[in-house]
Amino acid sequence: MSELIQEYVDSGNQRLRVDRAAGVIRGVKLLGLSSRNGRRYREDALVDAVGLYEGTKVNINHPKGHPLSPRDYRDRLGVVRGVEFRAGVAVGGTAPGSLPARTLVEEFDAVAITAGSEHPRDLAVPGRELDGVHFAMDFLPLQNRRVAGDADVPPLSAHGKHVVVIGGGDTGSDCVGTSNRQGATSIVQFELLPQPPEHENKPLVWPYWPIKMRTSTSHEEGCDRDWAVQTKAFRGERGKVKALVACRVDWKDGKLHDVPGSEFELKADLVLFAMGYVHPVHEGMLDELGVKYDARGNVAADTECYQTSTPKVFAAGDTRRGQSLVVWAIREGRQCARAIDEFLMGASELPR
Ligand SMILES: Cc1cc2nc3c(=O)[nH]c(=O)nc-3n(C[C@H](O)[C@H](O)[C@H](O)COP(=O)(O)OP(=O)(O)OC[C@H]3O[C@@H](n4cnc5c(N)ncnc54)[C@H](O)[C@@H]3O)c2cc1C
């Protein structure tokens, strides 16, 4: 640590100084925050000082004295807030280059797991192994990558294909919309549950999420929707899926029954599973951290402390609550940040 930075870090009223340095870095006043002895700090020293104060590793290569570009501002904002982003790093598991999860606990004072809920519900039926049968999330992100202009995106596409989407929820709807835009020949969407009513029964469901027929803009762009259908098998030729075998089902006393003689077959060159997510992926990071799970397989932690059963390890978002919505992830992220601040500092001024 340079003498200049040491002096900065050691000086009194660090919080004020960091705030002022942040002002400098955000361009309020580019160069010129003076130390107590009247020396002027160089801009890069201030950046380093803020990073060090907040306990992060800082790696800024900025030509001294040059005006800050919008990208510099963005990068430095991250530094000011003490964040170092490392993309493309898998925590836990055995993939080449992955970071052993325990090293996080060893090297940091607190670890927040916000790894989503990415274990998809599968369908163990004959033909499941055929080429062309995919989870929705093997398919959807590729389109984001194409739109973003990424090179080398795997060629999986619905173009010119008979597409069957299994699952009638939001992810299924995204599969329908994406398949339409890619130029699918036909799209059928199956749902296991019976067709819901056009209007909910308000006195019965309030204040809970109303069960009623939902038609998204993706559905309006075109697809055949079918309810109370169960997939029984996939049929293929030369390893590729060509058809799907299904039957109609009845729900009696909360139990599912196949309707005798209702079996039918449908052309299918691309089958997309959108049947929801069971819980976060346990293998790898979570198992390595040794966190306990709740009855649904999510990471067990309450919404006061957000602490898991493993000391110093916190969990928030889909990892903790199961597959949900962005608004919940934002709320939990903010509350978890506050809980971690309290854990580290004994108190927090962050909002809950
Ligand atoms: C297809 C689809 C459509 C959706 N549409 C909507 C919608 O329209 N509106 C809405 O509100 N919500 C929607 N959701 C739900 C929403 O995406 C989630 O609720 C929200 O993103 C959860 O945020 P999170 O931060 O908890 O986890 P995520 O956003 O899932 O982020 C988890 C991140 O952790 C990374 N990760 C996981 N494991 C590791 C590891 N071992 N090492 C390193 N990184 C790891 C993942 O790559 C991912 O980037 C949708 C979900 C899906 C799947």
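## The antiparallel strands

In this predicted model, Ala 233 has Val 245 in E8 as its bridge partner. That pair belongs to the antiparallel arrangement of strand E7 (residues 229–237) and strand E8 (residues 240–252), which are joined by eight bridges. E7 and E8 form a hairpin with two residues between them, and Arg 238 in this turn has a positive phi of about 45 degrees.

E8 also pairs in the antiparallel sense with strand E9 (residues 255–258), over four bridges, and here Val 249 stands opposite Asp 258. These two strands, E8 and E9, likewise form a hairpin with two residues between them, with Asp 253 in the turn showing a positive phi of about 50 degrees.

## The parallel sheet

Five strands make up an open sheet with parallel pairing, in the order E3-E11-E4-E5-E6. Strand E3 (133–135) and strand E6 (224–227) stand at its edges with a single partner strand each, so one side of each is left without a neighbour in the sheet. On average, neighbouring strands of this sheet are turned by 20 degrees against each other, direction ignored.

Within this sheet, strand E4 (residues 162–166) pairs with strand E11 (residues 270–273) over four bridges in the parallel sense, and Val 165 stands opposite Leu 272 in E11.

## Helices on the sheet

Helix H6 (residues 136–147) lies across E3 and E11, and runs at about 75 degrees to E3. Helix H7 (residues 170–182) packs on the sheet, where it touches E4, strand E5 (186–191) and E11, and its direction makes about 175 degrees with that of E5.

Terms used:
Residues are numbered from 1 along each chain as its sequence is written. This is a predicted model: local features need pLDDT of at least 70, side-chain atom pairs count only at pLDDT 80 or more; totals for chains, interfaces and linings use all residues. Two strands pair if DSSP finds at least two bridges between them. Axes are lines fitted to C-alpha atoms, for helices over the stretch in contact, and angles run from 0 to 180 degrees between N-to-C directions. Two residues are in contact if their C-beta atoms, placed from the backbone, lie within 7 Å.
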